[in-house]
Amino acid sequence: MTTITADLNNLSTEKASPKKKVPLKGMMNNVMEQFYKAADHIDLHPNIRKILSITNNEIIVNFPVKMDNGEVEIFTGYRVQHNNALGPYKGGLRYHPTVDIDAARALAMWMTWKTSLAGLPYGGAKGGIQLDPSKYSQNELERITRRFTFALADNIGPEHDIPAPDVNTNSQTMAWIADTYMSTRPPAERTANQHVVTGKPEGSGGLEGRDRATGYGVFLNIKFWAEKNNKTLKGKKFIVQGFGNVGYWAAYFMEKEGAKLVAVQDAYGSIRSANGINVEDLYNYTKLNNGSISGFPDAFDLDNEKFFVTECDICIPAALGNQITKENASKIKANLIAEGANGPMNVEGEKILLNRGVTIIPDILCNSGGVVGSYFEWLQNRNGELWHLDEVMAKLDKKIRESFNKVFHYAEKEGMDLRTAAYCIAITRIEKAYIQRGIFP
Ligand code: NAD
């Protein structure tokens, strides 16, 4: 690097040498491997590599909540703020038994790359509570969410750290957070704090279209990839893992474009139908079946291990991390994998797929429609505006197209996979901000 400012160069390079590598597990291992690969490629300044290798803040809160039976239960909540060089921290809150500090760290780092790649004025954060929400009543979930918000206190804020929905959290969860946060501000400041979270219900400052933004973005990425390859999505078979917010909306737009959903998996089981599964029928079925796809009458049950092996053209993982590994990567039939979920494949799984010539549209590009939609909601609240659905969808289209083209052309120019290209672009933007600003003091 030749353009580094004095501040960065004055940091001793001895200090900048990487620490002894501690073996990392799970998603953390993936995100760091992906980061190092791109950092090596762009010859990232060692001091900035050091900064981006660690998280800025890690907040762990233990808080008591009264249960319906009168007992008190203690919960542990996390918020990891990875980096804010480009703007306030931004990222979802997840309620799931797998939430822990390592998962939150990895997911927070992915958010930093995602917001940077999308060209947004945000950094990256993630958090949540380690719990299985199906074990709690709606009233208990409300009290858990409100007490978690209270415990986080000023560690979140509309110009500091802005949570959003993720696995097992939704617009209702965001409404409770916004209400609790606003209720704890001085009266004259309450409404000015509405943008403390995004993904709120439309009646409470939410953005029309935020519900479908992530799935729509997944679909757009697939469509843009097809256009670049002179392919049509009409008649293409696709499978979706996870039929929640992201999986459902991605499937909805794919079906609208003429593609055929042939298998679905969720937390309860897997189903398949070579004739195609009607997306709206399945969605309506899950609403009457506790959110589960199991037993859908117009499809056959499928063994969970056989899901990824299903004959198809496109695979959309839209559930949890580390689902595609060396155990199943060689058996996947799709020639395109569009990552709706964050970190759905590990490094070994990806290597196998890339060697087989499978294209992977990486999470930080593929599911970025969500955070772009969140940015629109934040702007709408901040400026006291109300945007219409068609306006939102057109703006999303433009933003995702720009990101897709940037990544596609970078990958072509450098002869690399789309993930490494996306990381290179994202990290270069953050590096530039550090170069311009230097290190305080
Ligand atoms: P959701 O809670 O709405 O849905 C999750 C789905 O995954 C459900 O259908 C659930 O049954 C299924 N699932 C859970 N465990 C599973 C398992 N072991 N095997 C198969 N399916 C399983 O969550 P969501 O908001 O749709 O998020 C899904 C993924 O997309 C997550 O990785 C999340 O981080 C990512 N994401 C979400 C958004 C967003 O705006 N919601 C944005 C970007 C990325």
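These legends accompany close-up views of a predicted model.

**View 1. The two domains of the predicted model.** The protein is divided into domain 1, which covers residues 56-206, and domain 2, which covers residues 213-366. The C-alpha centres of domain 1 and domain 2 lie 27 Å apart, and the domains meet where 10 residues of domain 1 are in contact with 7 residues of domain 2.

**View 2. The ligand and its shell of residues.** Both domain 1 and domain 2 give residues to the shell around the ligand, so the ligand lies between them. There are 23 residues around the ligand, of which D166, N168, T214, A319 and N342 come nearest. By type, the residues of the shell divide into 8 nonpolar, 10 polar and 5 charged.

View 3. In the side chain of T214, an N or O atom is 2.7 Å from an oxygen atom of the ligand. The elements that give two or more residues to the shell are α8 (210-228), α9 (245-256) and β7 (260-266).

**View 4. Q265 in strand β7.** Q265 has its place in strand β7, and with a relative accessible area of 10% it is buried, because the limit for that term is under 20%. The side chain of Q265 is joined to the side chain of Q241 by a polar contact of 2.8 Å.

**View 5. S270 in strand β8.** S270 is found in strand β8, which spans residues 269-272, and at 4% relative accessibility S270 counts as buried. The side chain of S270 makes a polar contact of 2.9 Å with the side chain of Q265, and another polar contact, of 2.4 Å, with the side chain of N304. When residues up to four places away in sequence are not counted, the residues that S270 touches include V264, I293, F300, D301, L302, D303 and F307, as well as Q265 and N304.

Note on methods:
Residues are numbered from 1 along each chain as its sequence is written. This is a predicted model: local features need pLDDT of at least 70, side-chain atom pairs count only at pLDDT 80 or more; totals for chains, interfaces and linings use all residues. Side-chain values use heavy atoms; hydrogens and water are left out. A residue is near a molecule or strand if one of its heavy atoms lies within 4 Å of it. A polar contact is a pair of N or O atoms within 3.5 Å; within protein, one must be able to donate a hydrogen and the other to accept it, and residues adjacent in sequence count only if both atoms are side-chain atoms. Helices (H or I, at least four residues) and strands (E, at least two) are DSSP runs, numbered from the N terminus. Ala, Val, Leu, Ile, Met, Phe, Trp, Tyr, Cys and Pro count as nonpolar, Asp, Glu, Lys and Arg as charged, and the others, Gly among them, as polar. Domain bounds come from an automatic or database domain assignment. Buried means under 20% relative accessible area, exposed over 50%, partly exposed in between (1.4 Å probe, protein chains only). Contact means heavy atoms within 4.5 Å.
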